[in-house]
Amino acid sequence: MIGDLHLGWNIFSQDLQCTSVADTEPAGLNCGNNMVVKAYPLGMVRIMNNNGIGEDEGDSGVEPYVGLEFDSVEEAREFYTSYATRTGFKVRSGQMYRSRTDGTVTSRRFVCSKEGFQLNSRTGCPAFVRVQRRDTGKWVLDQIQKEHNHELGGQVEETPRPPVVSQRPPAPTKLAVSVPHRPKMKVIDESDKALSCPSGVISFKRFKGAGDGGDVQTQPNAAEPYAGLEFSSANEACQFYQAYAEVVGFRVRIGQLFRSKVDGSITSRRFVCSKEGFQHPSRMGCGAYMRIKKQDSGGWIVDRLNKDHNHELEPGKKNAGMKKITEDVTGGLDSVDLIELNDFGNHIKKTRENTIGKEWYPVLLEYFQTRQAEDTGFFYAVELDSNGSCMSVFWADSRARFACSQFGDAVVFDTSYRKGNYSVPFATFVGFNHHRQPVLLGCALISDESKEVFTWLFQTWLRAMSGHRPRSIVADQDLAIQQAVAQIFPGTHHRYSSWQIRAKERENLRAFPNEFKYEYEKCIYQTQTTVEFDTMWNALVNKYGLRDNMWLREMYEKRENWVPAYLRGTFFGGIPINGNVEPFFGTSLDSLTPLREFVSCYEQGLEQRREEERKEDFNSYNLQPFLQTKEPVEEQCRRLYTLTIFRIFQNELVQSYNYLGLKTYEEGAISRFLVRKCGNENEKHAVTFSATNLNVSCSCQMFEYEGLLCRHILKVFNLLDMRELPSRYILHRWTKNAEFGFVRDVESGVSSQDLKALMVWSLREAASKYIEFGTSSLEKYKLAYEIMREGGKKLCWQR
């Protein structure tokens with residue numbers, strides 16, 4: 001029963017702090033072979049004072065904790081810097097957040113100096129504190145991460161602080177993606193007799209401390225993996241690693257795989273600790289793994305290895321069943337389908353991992369049933385696995401489904417929860433309305449990141465939206481998503497997420513010189529045509545000898561999915577071509593929102609967005625922008641377009657006066673024009689016009705991409721003395737009446753039940769607008785009442 005699902009957590013810990021000095025041993029500590037040691041990050045040793053209380057070496061100062069208050073943000077930084085000096089790291093100022101109301105700083109992050117990857121000396125360290133300003137004026141520490149992923153020294157000298165700069169809005173920065181890491185910790189092997197501690201004393205001779213010369217390396221043996229170890233098959237390697245995991249005390253998952261570009265065969269595989277990643281609250285970002293690579297002989301060899309875990313181990317704990325890899329796994333970021341075998345190698349079952357906590361399902365299902373009683377068009381679906389367990393969840397209310405009928409031609413599938421740590425994998429389908437505002441087209445919780453899940457999700461979304469396939473979709477680059485998009489949305493142009501492209505650029509271009517990066521950016525974002533891009537790209541890779549760079553070669557092969565010059569020929573409904581799309585719910589709801597707040601935050605964020613849409617509707621009907629020219633086309637578009645869209649068109653019209661047009665070719669009804677900017681010979685575009693059917697096109701492809709005519713075409717129309725725009729170039733989706741076009745454009749595939757639900761919502765929304773506008777004054781009330789009364793007579797609902 002779904003209602004009986006719950007998730008029980010029984011969390012306990014025992015902090016045992018032992019040193020290598022026998023006379024400081026606390027009474028009663030017994031360090032036998034089965035004891036569990038709580039490891040500290042490399043370079044940090046907790047010492048015991050005479051009272052048996054743990055202190056930081058060299059200082060007994062206060063450690064940061066959630067709830068700690070400061071009088072100012074400078075005081076908070078000084079405190080964290082002092083703590084860092086005692087602990088053994090340095091501090092940098094991180095992100096700041098400003099109020100949307102008055103622009104004042106509302107919170108501030110201070111991070112370890114090794115946070116990020118912008119310099120080779122940085123390791124992506126996740127350690128930080130965040131302080132937030134309260135209404136009282138105090139600053140309170142509300143978030144903290146103490147764990148580092150690098151060695152910590154002893155006390156470090158405090159570097160002089162830079163002078164405090166007056167607060168001002170931050171300069172625009174490039175997209176950044178946080179890469180989560182956890183601290184490396186050494187595992188003490190209970191079979192190592194030299195490390196046994198019957199007296200309660202632990203030897204740290206295998207640890208690399210702040211003052212050590214380095215690790216004492218041990219020779220590989222038959223029980224432990226090591227670089228160079230060979231296997232006859234991938235399954236043999238998998239079973240070996242699981243046997244090793246049982247001895248050490250962890251469980252194994254099958255991680256990434258890589259395929260040959262030539263024949264698609266698997267060339268390498270990773271086996272990871274089950275606590276790798278952050279897709280579930282039980283995971284800790286453990287970095288332990290073993291990678292095997294296929295040899296020309298057909299065998300496999302261990303070529304990369306990390307034995308360090310960042311969590312407690314349970315030596316001797318049996319796995320639920322030996323896992324065996326299957327050759328049909330296609331893999332995305334993780335290959336999560338595992339086949340369990342019993343001790344005799346017989347097949348038991350195929351299990352699927354679920355990153356959604358069990359406690360979410362009864363809460364969501366209760367919410368869905370409540371909404372469905374209020375909204376007859378509310379749609380939800382739950383994916384079930386082969387065992388009948390709940391997996392992924394999708395839902396959309398009637399307004400989202402109605403919005404898709406008008407604004408579902410360009411869709412963003414937002415999985416930005418994957419950028420960092422998250423508690424729940426919350427994803428959204430987002431479109432853009434006639435005010436260029438984001439509109440919600442559906443939500444989902446994703447159980448895992450396999451092709452099967454994304455295929456189910458896209459099929460379910462398509463069913464909820466009455467079969468309206470988008471012309472374009474912005475989604476991540478992962479293989480699982482690519483395959484699902486190609487299968488469910490054939491003919492839809494898949495554009496990769498900008499944040500993911502930027503993250504991969506930082507990762508793969510980090511070692512390249514700045515000169516290359518400048519030319520790379522110019523090639524990507526300043527070329528106007530595909531021919532121009534291809535020419536500049538080839539010149540770039542030849543100049544720097546990068547023909548054999550695998551990442552650049554792969555990205556060039558996929559250029560139609562991310563390079564602006566290749567995207568301009570497809571309609572993307574105003575989605576920025578060079579920038580990121582902000583999450584629909586902003587900061588009010590994200591992947592870290594706890595269950596108890598999820599539903600209320602979801603409804604508040606949704607209502608806020610829809611209120612913004614209602615305000616723009618009101619403004620478009622009641623405000624009239626000033627005309628800046630005497631062109632009849634400007635008056636025509638002011639009458640039809642929403643305010644936002646008209647301002648974009650008006651700017652293009654005004655800019656057209658800065659261009660010169662010259663007819664370069666004419667044959668029959670076909671004419672070609674060269675349009676160039678005054679004073680800039682390099683900026684020129686070709687416009688083709690057909691007098692027979694009034695077809696027009698420009699090399700800049702603005703109409704194809706945004707659905708609005710560009711300044712170059714408007715210049716040609718001015719030369720041809722065209723006083724009105726052809727109706728085909730005024731898209732209904734950008735007009736004030738876009739929301740009322742569903743019934744006119746309805747397709748035969750819509751069921752009668754869906755159609756009725758959508759009509760109910762449409763009429764209810766129209767009636768609410770009459771109420772909203774009609775109650776603003778007595779005169780408007782009389783007018784609204786008279787209109788509704790006359791309309792009622794035509795519908796014959798009056799007796």
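Is Arg-614 buried or exposed? Arg-614 is buried, with a relative accessible area of 17%. Here buried means under 20% relative accessible area, exposed means over 50%, and partly exposed lies in between (1.4 Å probe, protein chains only).

The model is predicted, so local features need pLDDT of at least 70 and side-chain atom pairs count only at pLDDT 80 or more, while totals for chains, interfaces and linings use all residues. Residues are numbered from 1 along each chain as its sequence is written, and side-chain values use heavy atoms, with hydrogens and water left out.

Arg-614 takes part in a salt bridge with Glu-611, the closest N and O atoms being 3.0 Å apart. A salt bridge is a side-chain nitrogen of Lys or Arg within 4 Å of a carboxyl oxygen of Asp or Glu. Glu-611 and Arg-614 are three residues apart in helix H12 (residues 595-622), so about one helical turn separates them. Helices (H or I, at least four residues) and strands (E, at least two) are DSSP runs, numbered from the N terminus. Glu-611 is partly exposed, at 31% relative accessible area.

The whole structure holds 30 salt bridges. One of them joins Glu-276 to Arg-253, with 2.7 Å between the closest N and O atoms. Glu-276 lies in the loop between strand E10 (266-273) and strand E11 (289-294), and Arg-253 in strand E9 (residues 252-259), so the pair ties together parts that are 23 residues apart in sequence. Glu-276 is buried, at 19% relative accessible area. Arg-253 is buried too, at 6%.

Helix H13 (residues 632-640) contains both Arg-638 and Glu-635, three residues apart, about one turn of the helix. Their side chains meet in a salt bridge of 2.7 Å, N to O. Arg-638 counts as buried at 14% relative accessibility. Glu-635 is partly exposed, with a relative accessible area of 29%. Elsewhere, salt bridges with shared partners join Arg-371, Glu-374, Asp-375, Asp-397 and Arg-610 into one network.

Aromatic contacts come next. The search of the whole structure finds 46 aromatic pairs. Rings of Phe, Tyr and Trp (its six-membered ring) pair if their centres lie within 6.5 Å; planes under 30 degrees apart count as stacked, over 60 as edge-to-face and the rest as tilted. The rings of Phe-429 and Trp-461 have centres 5.3 Å apart and planes at 15 degrees, so this pair is stacked. It links distant parts of the chain: Phe-429 is in strand E19 (residues 426-432) and Trp-461 in helix H5 (residues 451-464), 32 residues apart. Phe-429 is buried, at 1% relative accessible area. Trp-461 is buried as well, at 0%.

Phe-703 and Tyr-729 form an edge-to-face pair, 5.0 Å centre to centre, with 75 degrees between the planes. Phe-703 lies in helix H15 (residues 702-706) and Tyr-729 in the loop between helix H16 (711-719) and helix H17 (742-745), so the pair ties together parts that are 26 residues apart in sequence. Both residues are buried. One aromatic cluster includes Trp-360, Tyr-367, Phe-368 and Phe-378. Trp-395, Phe-584 and Tyr-602 are also among its members.

Two arginines sit over rings. The charged end of Arg-495 sits over the ring of Phe-572, 5.2 Å from its centre. The charged end of Arg-672 sits over the ring of Tyr-665, 4.7 Å from its centre. The criterion is NZ of Lys or CZ of Arg within 6 Å of the ring centre and within 35 degrees of the ring normal.

The structure holds zero disulfides, a disulfide being a pair of cysteine sulfur atoms within 2.5 Å. Cys-523 is buried at 0% relative accessibility. Cys-637 is buried, also with a relative accessible area of 0%.

Two residues stand out in their backbone. Most residues other than glycine have a negative phi. Phi of Gln-701 is near 60 degrees, a positive value. Gln-701 is in the loop between strand E26 (695-698) and H15, and is partly exposed at 25% relative accessible area. Phi of Asp-721 is likewise positive, near 60 degrees. Asp-721 lies in the loop between H16 and H17, and is exposed at 55%.
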